Amino acid sequence: MRGTATNPQSLTMSAGSEENARVGTGVSGKRHTLFIGDVHGCLRELDALLALCRFCPDRDALVLLGDLVGKGPHSTGVVDRAQALCAQAVLGNHDARWLSSRRGRPATAESGEPSSAALAWLERLPHILFFSDLNLLAVHGALNPAHPIHAQRARDTLYGRSFHATSKQVSANLDAPPWALSWPGPQTVLFGHDARRGLQHWPHALGLDTGCVYGGWLSAFIAETGRFFAVKARGCYARPHPP
Ligand SMILES: [Mn+2]
């Protein structure tokens with residue numbers, strides 16, 4: 001297990017190998033803890049959703065479920081906004097790809113180019129966040145229901161969508177039931193990454209990727225109240241992959 005330490009050098013290996021996922025400690029204890037699904041550069045929708053939830057950075061905590069960047073119009077703006085709001089987040093597959101494509105390139109001040117501070121922030125994100133006082137976990141893709149938290153694979157947390165009960169393997173495709181259906185708890189897991197299945201409400205898991213970047217909705221869940229909020233996308237910024 002890699003533990004809660006954040007090691008930038010580990011990211012390349014963990015993104016596509018058998019490396020264990022990094023588990024971070026989530027911080028709550030404020031008035032509301034707001035979990036938001038895949039933003040994918042949809043900054044205007046993120047701001048609208050925060051306003052709808054009456055989010056106040058001094059009183060509330062914000063948790064982004066990965067894929068802050070990619071596909072949409074304002075990836076850099078979303079990372080900057082996340083930092084400005086002291087958001088917590090887990091790493092998504094597009095965040096990992098964005099990082100690897102920019103690693104080693106000199107920082108520039110050109111518009112659209114992420115600052116070195118933004119890259120450093122993304123690079124430190126864990127794959128899993130554990131909120132002990134809320135009894136919640138946050139992950140972008142999947143957790144393998146057959147394994148404990150400390151033995152999850154980074155690849156599953158980035159890409160996973162389905163769980164094959166016979167082989168006890170997570171897959172990235174829709175070729176088996178959703179992994180979240182088999183998640184036994186006791187912690188409830190909040191996750192994203194599965195826009196094709198949309199909002200998912202299982203006994204011990206909530207899927208919040210409602211396809212904003214594809215012209216769908218950006219969705220939020222407030223842990224303390226159990227309420228959902230959503231705003232409609234202001235455009236269709238990308239075409240979904242065919243099933
Ligand atoms: Mn994703």
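In what order do the six strands of the open sheet run, and what is the pairing?

Modeller: Bear in mind that this is a predicted model. The six strands of the open sheet come in the order 1-5-6-9-11-10. The pairing is mixed. Strand 1 (23–25) and strand 10 (200–202) stand at the edges. Each has a single partner strand, so one side of each is left without a neighbour in the sheet. From one strand to the next, the twist averages 20°.

Now look inside that sheet. Strand 5 (residues 128–131) and strand 6 (residues 136–139) run antiparallel. Four bridges join them. Take Leu129 as a landmark: Ala138 in strand 6 stands opposite this residue.

Strand 3 (residues 60–64) runs parallel to strand 4, with two bridges between them. Val63 has Gln88 of strand 4 as its bridge partner.

Next, the helix pairs. Helix 5 (residues 116–123) packs with helix 4 (residues 93–102) at an angle of about 130°. Their axes are 10 Å apart. Angles from 65 to 115 degrees count as roughly perpendicular and those over 145 as roughly antiparallel. Helix 4 and helix 5 are therefore oblique to each other. Their crossing is left-handed. Helix 4 brings Asp95, Leu99 and Arg102 to the contact, and helix 5 brings Leu119, Leu122 and Glu123. Three of these contact residues are nonpolar, three are charged and none is polar.

Helix 5 also meets helix 3 (residues 75–84). The two axes come within 10 Å and cross at roughly 75°. Helix 3 and helix 5 are therefore roughly perpendicular to each other. On the helix 3 side, the contact is made by Thr76, Val79, Asp80 and Gln83. On the helix 5 side, the residues are Ala118, Trp121 and Leu122. By class, this contact has four nonpolar, two polar and one charged residues.

Key:
Residues are numbered from 1 along each chain as its sequence is written. This is a predicted model: local features need pLDDT of at least 70, side-chain atom pairs count only at pLDDT 80 or more; totals for chains, interfaces and linings use all residues. Two strands pair if DSSP finds at least two bridges between them. Axes are lines fitted to C-alpha atoms, for helices over the stretch in contact, and angles run from 0 to 180 degrees between N-to-C directions. Angles under 35 degrees count as roughly parallel, over 145 as roughly antiparallel, 65 to 115 as roughly perpendicular and the rest as oblique. A crossing is left-handed if the near helix is turned anticlockwise from the far one by less than a right angle, and right-handed if clockwise. Two residues are in contact if their C-beta atoms, placed from the backbone, lie within 7 Å. Ala, Val, Leu, Ile, Met, Phe, Trp, Tyr, Cys and Pro count as nonpolar, Asp, Glu, Lys and Arg as charged, and the others, Gly among them, as polar.
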